Amino acid sequence: MKYGNYLKERKQQLPEDWQKIFIQYEELKQFIKQHIAPACLKPSLANQQTWPTQPPQPAGSVNNTPLVPAPVVDHPSPTLGGSLLPAAHEDLNAFSSMIATRLTILQTRVPEFLAMLDEQVGQVSTFTSQQTRKIYEAYGTFQGGQVGLGLVHGDSKLAQATGTSPGPESTPRTAGSEDSLETLLQSVIKLEKYIFLNYTGIVKIIKKMDRHAGLGISEAYLGRVWKLPFARAEQLSSLKKELMEKLSGVLTKINVNVQQEAASTGRSDGLFSPLALNFKSDSPVMMWRPTALAPTEKTWFPPAALLPHQRVLISMSGPHGTDIIGTLLHCAAKYECAVEDFSFARLYHNVTFAILITIKKDDMDIFKDLAAAAKRWDATLTFDILDSLKKDPHFGNYVPRSLEDAPYEDRSKYTATVLCQLGLTSSFLSDWTHLLLVNKISVEKMVRLNEGQLSCADYKLSIPGNLNMDKFRESLFQLSADHGTDVALQPHDVFRKHKRLVVFDMDSTLIQQEVIDEIARHAGVMEKVSEITEAAMNGEIDFKESLKRRVALLKGTPVTVLDTVREQLTFTEDALYLCKALKKIGFKLAVISGGFMPLALHVKNILGLDYAFANHLKVSPDGLYLTGETVGPIVSGERKAELLEVIAQAESVTLDQVIAVGDGANDLWMLAKAGLGIAFNAKPRVQQKARARINQKSLKYVLYLLGYEDAEIRQLANSQ
């Protein structure tokens, strides 16, 4: 939410008469936009061609600022030893004239802006002093045993407990003194909100003027504002502390002494009297020592330390990383602030450090110290005052569990891993970001996973609860197809990096061939078998039927062909690398194949897998030839999913902790069953239905989907 909208909504929470005396943020912003921004002084002006309109000149005044380029003068060129070209002269003179014109505009418009702001600041300061005075008077009236300003009467029991029992001529108190004190405290808190909203409005608008004018006067101006009573609010802070102490039954030593003295002498002149207030017309309300309040029988109000205090989000950006961290934390410690959260980001030498604090001492000097620290370390300081009493996510200032989380409610967390072996192009990144914007998806974190050319990155996403995920996945599939870049979307939860079992298909996944096609090649029926295989992998015919037809074509083939094919198998790039890394972190690995058991066992032994399941070919009684049939249950798509679940149960692993990797239509069942199903260089129909896909040559990209970076992957693969 933009600050102007935030300020408007917060402002509407205050009484109507308070809203009339406020920093007019939108009005001042429009003035900046219309009259100051067009005359901005910044280095980028050298490339600007637009000319701002000068303000109207007072009657009788003369404007001596040149508005047209001065005549061209032939100047020697310091680099070429000759004369500057006429076009260069024109450009230099035009730039000089433009700067002169803009300075003239700013000379008029900036003082106008400051005069408007000064008037509003003065009104806010006066109003704050008046309201502070009213609260003090109400408290004095209450302390004196009377009731005023709409506060309800207190009962005699409370009057006796507070040591201010009324005499026979005093106005009796009725029930509700505790409520009166609480009402006073709420009035103080409400006025504090008013001060904070206006002060932050002043800070925001003066800094906006600085940015749009190209000047640097905000620090000097805020220094002036800081000297005003309303900005420091010392009397208000003191009263708030006193009220909280009384409502929590806390006695100060000096007040106890005063009460004891009054009891022993029978005099009450040492007790508080509203007449003791010394108001001056030109100064804020004076301080006083309140009378003592003995602890009440009803300890319903929480101690002061547990009351909601002001929460502030502070961030500092600059080139001195550890110094910036130390400065913010030093200020937090100096003013005894509670650090609720922090976040840190680095871009080479430049860093941004943010902390969410609760101010407990009610001492506004912390902002002065922060501004001085930012100046000392060449840093940019920003802060946002957060509403500590109402954390409404729909109100625009909601603070989530972590500063890294998007400040919205009813969201689901997802991780999107984008990868392309040839590198992530700017075109893809732009279209990918646009897709997120269209679907109102917030990016909470971006992490690069690979070294060298940017080819793999992790996005932590905050996705609206009402988003149609099926349609969004369709858009992701189209985006991936258009750019040849994979986007794997999975829930961002504890299971993402805590998978424990990986189940692989074998053909065209762990190895590059389809084994039945290789057997058919040696049997001389390659063409017929390939046609059936292709139809089966695309889901055009049932897998069991396709297997039956293909195996029948192998009848009479020598069994020794299996040994020949085994020697010719080619493993997929980084298959051994991946399996070795996964084993190092305790994964159980399995191959479940629609191929044949002798070859599946070979793959299991080479890659160090724990399980292997595949079809069994029937051989002739003499063991020399294939009969064209299989023995036992066929490992179909449904059977693959069943075996995956059996292995998971045997290893005491939940399905959320299982990864399945495959490429064919008969793999869809196990891809759906696993917590993370990956279509690896899969057929189009499989890719459309799979929740994640990898269309790269290397199996190493499976590790990226688990969130591992290159350095971590090397450590896993190379460790003993």
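Is L569 buried or exposed? I began with this residue in what is a predicted model, and I found that L569 is buried, since its relative accessible area of 11% falls under the 20% cut-off.

I then looked up where L569 sits, and I placed it in the loop that runs between α18 (561–568) and α19 (575–584). Leaving aside residues up to four places away in sequence, I listed the contacts of L569 as I511, Q513, V515, L599, H602 and V603. I also noted Q512, which is 57 residues from L569 in sequence, while the C-alpha atoms of L569 and Q512 are 7.6 Å apart in space.

Next I turned to the cysteines. I searched for disulfides and recorded zero in the structure. For C337, which is in no disulfide, I looked up the nearest cysteine sulfur and found that of C331 at 8.6 Å, a separation that does not come within the 2.5 Å a disulfide needs.

My last entry concerns the surface. I noted a nonpolar patch there, formed by L329, V339 and F342, which together have about 270 Å² of accessible area. Of these residues I followed up V339, which I located in strand β2, spanning residues 338–347. I classed V339 as partly exposed, because its relative accessible area of 40% lies between the 20% and 50% cut-offs.

Conventions: Residues numbered from 1 in each chain as written. Predicted model: local features only at pLDDT ≥ 70, side-chain atom pairs only at ≥ 80, totals over all residues. Heavy atoms only, no water. Patch = residues over 30% accessible without salt bridge, like charges linked within 9 Å, V, L, I, M, F, W, Y side chains within 5 Å. Areas by Shrake-Rupley, 256 points an atom, 1.4 Å probe, with all protein chains shown as cover. Salt bridge = Lys/Arg side-chain N within 4 Å of Asp/Glu carboxyl O. Helix = DSSP H or I, 4+ residues; strand = E, 2+ residues; numbered from the N terminus. Buried < 20%, exposed > 50% of the residue type's maximum accessible area, 1.4 Å probe, protein only. Contact = heavy atoms within 4.5 Å.
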